[in-house]
Amino acid sequence: MPRRKPGTLLPLETEILGVALSMRRSGEATFHGFGLAQLMREQSGSRSLTGHGTLYKALGRLEEFGLLTSRWEDAAAAEGRPRRRLYELTGQGAGLAEQALAGKADKAIGPSSRVASEPT
Amino acid sequence: MTPERMAELVARWVRVYTWNLPPPTAQRRIDEIDADLHDHIAHERAHGTKDRRIALSIAARMLRGLAADVSWRGRTSKTAYRPAVRIALATALILLLPLVAMQITDEVDWGLADFVSAGALLGGAGLLLHRLAAGKAGNLAYGAVATAIGVAAIVFGEADDAPGLMLFGGLLIVGTVALAVRTAQRSE
């Protein structure tokens with residue numbers, strides 16, 4: 001994984017925000033780890049899913065940055081399977097994802113997106 | 001190898017790298033990976049993927065995320081940088097390789113005794129090298145013990161036709177000498 005410059009997002013983190021935004025636009029406000037990995041694989045055309053450690057570390061960082069929030073799924077909704085951790089874009093995360101996607105479309109943005117503040 | 005067995009292996013690894021973390025942090029990661037593994041298996045089975053392929057896909061995800069797991073632990077844990085924890089994690093990480101290889105090929109066939117002896121050897125060597133690295137000039141005892149273990153590993157490795165053991169012995173001796181030289185230079 002590339003080394004992070006202070007106050008920036010890694011490409012994987014930007015990709016997660018982009019996928020989360022596209023899900024939100026299609027009416028799915030929340031997403032879970034495996035579902036996200038699956039969508040990222042489909043959208044990137046890759047054959048492999050993102051590694052467990054890589055994915056959940058990135059999700060944790062985005063939550064620390066205040067770009068995502070998360071909560072446990074209701075036990076009733078889980079219907080006997082392990083409960084999923086459900087993530088949701090915050091307003092700040094959605095704004096940053098919009099910027100990143102717009103920048104990508106214009107090819108006018110660098111590889112990293114700026115984050116408002118770095119957590120301690 | 002069934003996907004469920006591979007998922008158990010991943011779950012064990014998660015318990016290793018979340019060991020001694022604050023319980024809410026550890027439990028969240030454990031539960032989140034459990035849900036992910038369940039969803040992964042269910043999704044692939046629903047798409048008609050063969051069990052062996054699902055198991056390999058789970059193993060590949062675990063292996064690709066190993067570095068991030070260790071890095072996350074380091075950032076999360078208040079105690080992660082204690083040498084014993086670092087050495088235990090490194091030992092567990094190395095021992096995962098034959099464990100995963102056993103699930104993929106029949107050419108690797110380790111028993112419990114092999115894992116215990118390899119774990120003791122790796123962990124012990126790690127602790128010795130750490131003490132040697134932290135020691136002062138003249139502290140030759142740790143170096144002598146590490147070298148003796150290295151020589152013994154080469155001798156036993158040659159007798160048992162175990163190139164891995166011989167390589168380990170060689171690397172241990174080289175590491176010991178390098179640390180001894182560095183310590184001597186610093187004390188001048």
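One of the residues involved is A:Phe31, whose bridge partner in strand 3 of chain A is A:Tyr87.

Now step back to see chain A as a whole. Chain A has five helices and three strands, and along the sequence they follow the pattern α-β-α-α-β-α-β-α. Of the 120 residues in chain A, 34% are buried. Among the contacts in chain A that join residues at least 6 apart in sequence, 60% link residues at least 24 apart.

Most residues other than glycine have a negative phi. A:Glu79 is not a glycine, yet its phi is positive, at about 50 degrees. You will find A:Glu79 in the loop between helix 4 (75-78) and strand 3 of chain A. Is A:Glu79 buried or exposed? A:Glu79 counts as exposed because it has 6 C-beta neighbours inside 10 Å.

How confident is the predictor about chain A? The mean pLDDT of chain A is 84, and 80% of its residues reach 70 or more. Among the elements of chain A, strand 3 (residues 85-89) has the highest mean pLDDT, 97, while helix 5 (residues 91-106) has the lowest, 83. There are also stretches where pLDDT stays under 50. Over residues 107-112 of chain A it does so, and the model has eight contacts beyond four places in sequence for them. Over residues 116-120 of chain A pLDDT again stays under 50, and here the model has five such contacts. Where pLDDT is low, the predicted coordinates should not be read in detail.

Chain B has another make-up: seven helices and zero strands. From the N terminus on, its elements run α-α-α-α-α-α-α. Buried residues make up 26% of the 188 residues in chain B. Among contacts in chain B between residues at least 6 apart in sequence, 56% join residues at least 24 apart.

Chain B also has a residue with a positive phi that is not a glycine: B:Asn20, at about 70 degrees. B:Asn20 sits in the loop between helix 1 and helix 2 of chain B. With 15 other C-beta atoms within 10 Å, B:Asn20 is partly exposed.

Further along chain B comes helix 3, which covers residues 51-76 and bends by about 50 degrees at B:Leu66. Its buried residues include B:Ile54, B:Ala55, B:Ile58, B:Ala59, B:Met62 and B:Trp72, as well as the charged residues B:Arg61, B:Asp69 and B:Arg73. What covers the buried residues of helix 3 of chain B? The cover includes helix 1 (3-17), helix 2 (23-46) and helix 4 (83-104) of chain B, together with helix 3 (52-64) of chain A.

B:Ser57 is also found in helix 3 of chain B. B:Ser57 counts as partly exposed because it has 19 C-beta neighbours inside 10 Å, and a buried residue needs 20 or more. Leaving aside neighbours within four places in sequence, B:Ser57 is in contact with B:Glu44 and, in the other chain, A:Leu49. B:Ser57 and B:Ile41 are 16 residues apart in sequence, and their C-alpha atoms are 9.7 Å apart in space.

The contact of B:Ser57 with A:Leu49 leads us to the place where the chains meet. The contact between them takes 17 residues from chain A and 23 residues from chain B. On the side of chain B that touches chain A, helix 2 and helix 3 of chain B each supply at least two residues. By class, that side of chain B has eight nonpolar, six polar and nine charged residues.

Methods. Residues numbered from 1 in each chain as written. Chains lettered and ligands numbered in written order. Predicted model: local features only at pLDDT ≥ 70, side-chain atom pairs only at ≥ 80, totals over all residues. Bend = angle between axes of the 7 residues up to and from the residue. Helix = DSSP H or I, 4+ residues; strand = E, 2+ residues; numbered from the N terminus. Buried ≥ 20, exposed ≤ 12 C-beta atoms within 10 Å, placed from the backbone. Contact = placed C-beta atoms within 7 Å. pLDDT = per-residue confidence, 0-100. Pairing = 2+ DSSP bridges.
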